[in-house]
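Hi,

Here is the structure I promised to pass on. Have a look at it first, then read my notes below.

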Amino acid sequence: MIMNDWPYSLEWEKEEVIDSDILVMGGGVAGCMAAIAAAKCGQSVVLAEKGATKRSGAGGSGCDHWESAATNPCSKITPGELVQAMLDDNDGFNNGISHYIECREGYDRLLEIEKMGGKIRDTGGEFTGAAFRDEKTKLLFAYDYVNRYTLRVWGSTFKPAMYRELKRLGVRVIDRVMITSLLSESGKQGNRITGAAGIHTRTGRFYIFSAKASIMCMSRPARIWLFSGSLPGLCEFRPPQCVGDGHAMGWRAGAEFTMMEKSVRAEFSASGRSFPPYAAGNNHNTWYGADIIDSEARKIPYADRDGNILTGIADRFRPAQGQKFFLKGGSVDNPKYEYRGPETLPFTEMMLKGYKPPFYADLSSLPETERKVIWGMMVGEEGKTKVPVFRNHSALGFDPEKHVIQCYGAGWTSAEFLPDERQLFGLPGGFLNDWNLSSNLEGLFVAGDSLYASNCYGHAAATGHYAGRHAADYASGLKKSKPARSQVRTEKERVYNPVRNRHSTGMGWKELNMGISKVMKNYCGEVKHDELLKIGLRHLDDFEHNIIPGTCANNPHDLVRLLEVFDILTVAQIIMNACLARKSSVKALCFTKLDDSGTDDSGSLIVLRQKEGKVETRKLSIDFFGDLKKNYEKFSKEYFRGKSKPE
Ligand SMILES: Cc1cc2nc3c(=O)[nH]c(=O)nc-3n(C[C@H](O)[C@H](O)[C@H](O)COP(=O)(O)OP(=O)(O)OC[C@H]3O[C@@H](n4cnc5c(N)ncnc54)[C@H](O)[C@@H]3O)c2cc1C
């Protein structure tokens with residue numbers, strides 16, 4: 001769209017300065033909870049969000065299950081047991097600090113969201129008598145009905161409830177502003193963070209946020225390997241506006257990152273090839289427990305972790321004989337034997353036995369409550385399924401008692417991705433944190449999916465709240481420092497450069513994103529080799545120095561998309577450098593190095609940061625966080641004052 005047709009008034013270069021005690025960057029699940037907690041501690045809070053906070057982020061349109069509610073009254077496992085399983089399941093390559101906070105406080109956050117107006121119980125008695133319902137509390141459970149630590153929830157009610165709470169507490173919410181850079185004391189890299197700069201996504205106005213403490217809640221990178229220029233809205237699992245801006249600006253400011261060498265073969269993505277997550281039939285997560293049938297209606301049997309064929313439907317929701325509990329529903333993440341739940345026998349194995357593809361998810365012979373809770377509640381509440389799948393299919397006459405939904409599984413359809421088409425998924429890399437959920441940069445706290453090895457709604461809510469409390473504690477008594485004018489000037493030069501080029505024929509955002517993704521597939525695919533990585537880095541540096549200065553944007557939309565792709569480029573450089581720094585293969589990181597040096601790095605995190613243009617790396621023991629319970633309690637004294645401890 002050319003500038004003359006732009007529907008909003010343009011305010012290029014015009015400045016607005018906004019002061020607060022606490023600045024929250026990103027108004028997703030973690031950002032909302034961080035702002036709520038900090039405001040409750042009596043701080044003045046500004047929340048800046050690229051989209052519209054009421055529904056923005058991965059959890060904006062919903063979530064169907066709340067993992068790790070280990071302290072709910074029906075749970076049979078402790079936070080300590082659950083976090084240990086999360087660590088063991090990843091050979092220790094997990095964020096012990098943030099997940100312990102999640103397991104200790106996840107259920108508290110759910111109760112808080114309920115008080116704000118979110119729905120977490122079957123108050124209408126829709127599922128009375130179901131095997132997954134506790135009649136006293138009216139809570140509904142998912143997956144492991146014996147241990148009852150994951151709840152089924154009405155997640156589409158959560159973000160609007162949080163938004164109302166932000167307003168009630170007087171948090172100043174500034175929607176449609178893309179934060180573009182962190183500001184530091186005296187404008188010097190590595191100094192205390194004193195706020196951030198941003199740009200309005202509709203008017204192009206320039207924002208200068210000044211705060212005593214800032215909380216990074218912008219989620220994680222995407223579109224690094226996967227990008228379709230023609231279907232940009234459907235490239236990845238998480239929302240298209242979450243591309244790793246926070247990682248890129250943290251890198252420029254000197255923040256430390258870890259596990260950035262981890263990537264997995266793409267799944268749950270679209271990119272023109274697959275299907276929107278949970279829109280197709282399967283038996284994982286949302287669809288867990290569904291029957292899977294072949295094209296002649298023969299059922300694929302479920303088996304427990306020991307290969308015992310399960311005959312009753314109820315067996316799908318219990319641990320195997322001798323097993324304490326299992327993680328999640330369906331073995332999509334390939335959990336370790338100790339934590340593996342029931343799963344259907346592999347499709348490929350069944351085809352060799354004569355079963356005929358395609359396969360379908362079939363809810364028709366499940367007990368009525370199981371059918372209703374999948375089709376209706378889970379499919380209705382899950383992130384991307386309420387409107388496009390549940391409502392549209394229902395409107396077109398889909399009846400789960402009669403109809404089936406096709407699966408597009410690995411091994412037999414074009415929905416499967418190639419080994420070099422990768423993604424930061426599961427528990428990917430991110431900001432390194434300490435027990436305050438602070439980064440190495442003073443004044444910069446981090447929460448949610450921005451953290452290394454992060455995942456899930458409950459984790460984002462719990463770490464957001466914890467970071468909000470600790471940031472408030474840090475800020476109280478501190479003096480604000482003024483933004484450095486020279487840093488503001490440099491940032492304005494950077495962000496408005498594509499607008500100044502608007503009459504040129506420079507590259508636009510889609511082409512640049514395609515180029516980066518191509519480099520990543522070619523030089524940083526499934527199998528890494530230092531020579532390939534170095535060539536890849538040279539290509540990325542070429543883009544940075546020779547292509548970016550000539551890129552052009554016609555309007556604020558194009559400009560914001562372009563600034564995002566600049567950040568995607570920075571994240572790609574972080575990843576390449578992390579892959580160069582790790583010298584040998586590590587299975588838990590899905591990291592395979594062809595020129596494996598033979599050194600045993602399996603007990604260390606590689607931590608990296610950029611200092612004055614040079615990449616610095618160091619090793620850190622994977623269990624650097626020490627005794628989880630002791631440390632958590634040491635850093636949570638205020639939280640527990642006057643409250644009973646949930647463990
Ligand atoms: C389809 C789907 C289904 C899911 N289902 C579940 C589930 O059932 N249960 C579960 O536990 N988890 C689920 N998850 C995961 C869960 O939603 C996320 O882990 C959680 O939302 C992460 O919270 P967050 O605040 O870190 O990130 P988000 O909630 O994604 O928020 C990040 C925010 O940052 C904003 N932002 C980004 N860049 C900028 C910038 N430059 N300036 C300003 N703002 C910016 C974004 O607009 C966004 O609002 C699901 C995720 C998806 C995508």
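Let me start with a sheet: E19-E10-E23-E24 is the order of an open sheet of 4 strands, paired antiparallel. (Strands here are DSSP runs of E with at least two residues, helices are runs of H or I with at least four, and both are numbered from the N terminus; two strands pair if DSSP finds at least two bridges between them.) At the edges, pairing on one side only, sit strand E19 (430-431) and strand E24 (614-621). Inside the sheet, E10 (residues 257-258) runs antiparallel to E23 (residues 604-611) over 2 bridges, and Thr258 is opposite Val607 of E23. Helix H13 (residues 556-581) packs on this sheet and touches E10, E23 and E24, with its direction at about 130 degrees to that of E23. (Contact means C-beta atoms, placed from the backbone, within 7 Å; axes are lines fitted to C-alpha atoms, for helices over the stretch in contact, and angles run from 0 to 180 degrees between N-to-C directions.)

Before you go further, this is a predicted model: local features need pLDDT of at least 70, side-chain atom pairs count only at pLDDT 80 or more, and totals for chains, interfaces and linings use all residues. Numbering starts from 1 along each chain as its sequence is written.

Now the ligand. There are 40 residues around it, the closest being Gly26, Gly28, Gly57, Gly383 and Gly448 (near means a C-beta atom, placed from the backbone, within 6 Å). Helix H1 (29-40), strand E7 (177-184) and helix H9 (457-475) are the elements giving two or more residues to that shell. By type, the shell has 16 nonpolar, 15 polar and 9 charged residues (Ala, Val, Leu, Ile, Met, Phe, Trp, Tyr, Cys and Pro count as nonpolar, Asp, Glu, Lys and Arg as charged, and the others, Gly among them, as polar).

There's a helix pair too: H2 (residues 79-89) and H3 (residues 96-116) pack at about 145 degrees, axes 9 Å apart. Pro79, Leu82, Val83, Met86 and Leu87 of H2 meet Gly96, His99, Tyr100, Cys103 and Arg104 of H3. That contact is made of 7 nonpolar, 2 polar and 1 charged residues.

Two backbone spots to check: the Pro357 to Pro358 peptide bond is cis, with omega near -5 degrees, and Pro358 lies in the loop between helix H6 (347-352) and strand E16 (360-362). Ala297 has a positive phi of about 65 degrees although it is not a glycine; its loop runs between strand E12 (291-293) and strand E13 (302-303).

Overall, the protein has 15 helices and 24 strands.

Cheers

Methods
Contact = placed C-beta atoms within 7 Å.
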